[in-house]
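Reader: I'd like to learn how to read a structure like the one below. Could you walk me through a few features?

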Amino acid sequence: MGDRPLHCSIKNPILLTVEDQKNAFHSGCKVIDVTFPNVSSPEVGEICFKNYYTAYVSIRVKFKAAPENGAESGEIKWKTCVRRMRLMPSPHKESGSQDYFAISKKQFSFDISNISAMRIILQQPSPVWKEFRIEDLRLYRSSEMLSKPPPLPAWLTEDSANSTKHKLEGIPNLESISSSLQELWGLSEEMAINQSKTEIGRYEVDGCYEVNLLAYT
Amino acid sequence: MADKKKPNSADDRPQETDRQFLERYSIGTLMKDVLGKIVSNRPKDPITFLSDYFDSLEDQSNLVLKARNIIEMTHHSRPVFEMNVRQAYDIMLKQKVGKRLYGVNGTSYTDLIKTLCRDMPQPVTTKLLKKIECLDYEAITFDVFKSGVFTCCVLQDYVKLCEMLFNSLDFQSSGKVDKILSDVVNEQLKAALANTRTDARNPYTGQTDPFSLSIVEAGYNLGPDGLFYALERGMRSKSQLGGQTLEQFTIEICDAFLSKVKRLR
């Protein structure tokens, strides 16, 4: 899942404003620029972050200029990969405000590969919150071999609904066997804990006493 | 006339010698000792305790037996047990080891262990001794002594519990237990004991995660649910491996216990 982090340079969020002498207002929109200076062919499989009072997030991606379109390199547009994903069900209320999110490939409109830059646009239309941002932003490569998570231990998965109807043929008292076993377990543990740690001070090396192997330590 | 005189003199003597008679045999101190022991040990059956105590007074010469009797006065879970072990150690310190040398050496320690384990099957005792026995000339410190004695006392309880388990597994009261069942039960117990480690809790970092998870798993394996599934799997195999007697069963179950006994170094 998250075992292949993508190295990228994440810039500080910039608040977008509308410069107007009369009406200066808080636009409620911030942009985070992400570039990939050292990576040759960046492809993003997953984007993880912790929310801090951001209501919507959009992700726009700029592709690398294709070598054929030498003349049209200036025309590269930003393409929207994730459009206005809702992080908080109600922007005025608390829910979802400090949740952890992971945007996976399934939520992308197209596969993000071979890009030159990415912009993460945060929006918070509610005037209630003084400050909004996302924290701990991390990008991961897509993993082709989606390894299954380790199987859950038996004691979590086995159905205990059938447990009350335990009736094995020929074993009438499972409970008493079980409690005796648990007492035996308890006794062994008690004994093991109280074992002495002091040494008698034998000079044996690996179980045998050999004069030539004796040492000062 | 002569007859009248004799009863008179006989009356005088009993009055004087009542107290002297008791003091001659130090019955007073003996009674004080017994009452003190009853109060501190609080046995379930005081009358039997009293009779065993007076029986054991005859074994005054054998220090090992004396020590053993003191150790067996109370259950190992009570705090008085440790005091009794200390007292037993002090008694055994009087053992003569060499010229003008007194103390607890390997021989007397091994003798004490053997007599504490007298009710257990011989193979169990042999295996236990392999782990904790000491050579004849080695000096036994109190720590080692206490740990060995404690292990023996817990093992006594363990063997009694094995018998109870055998009886509950032996549904037909035939005196034998199906080897399949015994194997399954043994496996579960060994798995549980292998999981939990005793020194897992690091006092500096306080990390206990692997330790506590393994306790949950071990508890599940030994609880009715886990046991049900294990026994079901075992019984499905339908192979006939014959029966096991109580002694064989005890020896196998004690293997799990003995695996936890630390070998002396």
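Author: Gladly! Let's start with a term: a salt bridge is a side-chain nitrogen of Lys or Arg within 4 Å of a carboxyl oxygen of Asp or Glu. Please keep in mind that this is a predicted model.

Reader: How many salt bridges does that rule find across the interface of chain A and chain B?

Author: The rule finds 1 salt bridge there. The partners are A:Glu189 and B:Lys260, whose side chains meet at 3.3 Å, N to O.

Reader: How much area do chain A and chain B bury between them?

Author: They bury about 4300 Å², and 69% of that is on carbon and sulfur atoms. Chain A gives 41 residues to the contact, while chain B gives 51 residues. For chain A as a whole, the accessible surface comes to about 14400 Å², with 52% belonging to carbon and sulfur atoms.

Reader: Now the fold. Which elements does chain A have, and in what order do they run?

Author: Chain A has 11 strands and 2 helices. Starting at the N terminus, the run of elements is β-β-β-β-β-β-β-β-β-β-β-α-α. Of its 217 residues, 34% count as buried. Sequence separation is worth a look too: among contacts in chain A between residues at least 6 apart, 78% join residues at least 24 apart.

Reader: How should I read a sheet?

Author: Here is the general idea: strands of a sheet pair through backbone hydrogen bonds, either parallel or antiparallel. In chain A, 3 strands form an open sheet in the order β8-β5-β11, with antiparallel pairing. From one strand to the next, the twist averages 20°. Strand β5 (residues 46–52) and β8 of chain A are joined over 5 bridges, and A:Ile47 in chain A stands opposite A:Ile103 in β8(A).

Reader: Why is one side of β8 and of β11 in chain A left without a neighbour in the sheet?

Author: Because β8 (100–104) and β11 (133–140) of chain A stand at the edges, each has a single partner strand.

Reader: And a helix?

Author: An α-helix has 3.6 residues a turn, so residues three or four places apart point the same way. Among the buried ones are B:Tyr109, B:Leu112, B:Ile113 and B:Leu116.

Reader: Which elements do the buried residues of α6(B) pack against?

Author: They pack against four helices you can find in chain B: α4 (63–71), α5 (80–92), α7 (122–132) and α8 (142–169).

Terms used. Residues are numbered from 1 along each chain as its sequence is written. Chains are lettered from A and ligands numbered from 1 in the order in which they are written. This is a predicted model: local features need pLDDT of at least 70, side-chain atom pairs count only at pLDDT 80 or more; totals for chains, interfaces and linings use all residues. Side-chain values use heavy atoms; hydrogens and water are left out. Buried means under 20% relative accessible area, exposed over 50%, partly exposed in between (1.4 Å probe, protein chains only). Contact means heavy atoms within 4.5 Å. Accessible areas come from the Shrake-Rupley method with a 1.4 Å probe; for residues, only the protein chains shown count as cover. Two strands pair if DSSP finds at least two bridges between them. Axes are lines fitted to C-alpha atoms, for helices over the stretch in contact, and angles run from 0 to 180 degrees between N-to-C directions. Buried area is the accessible area (1.4 Å probe) that two parts lose on being put together, summed over both.
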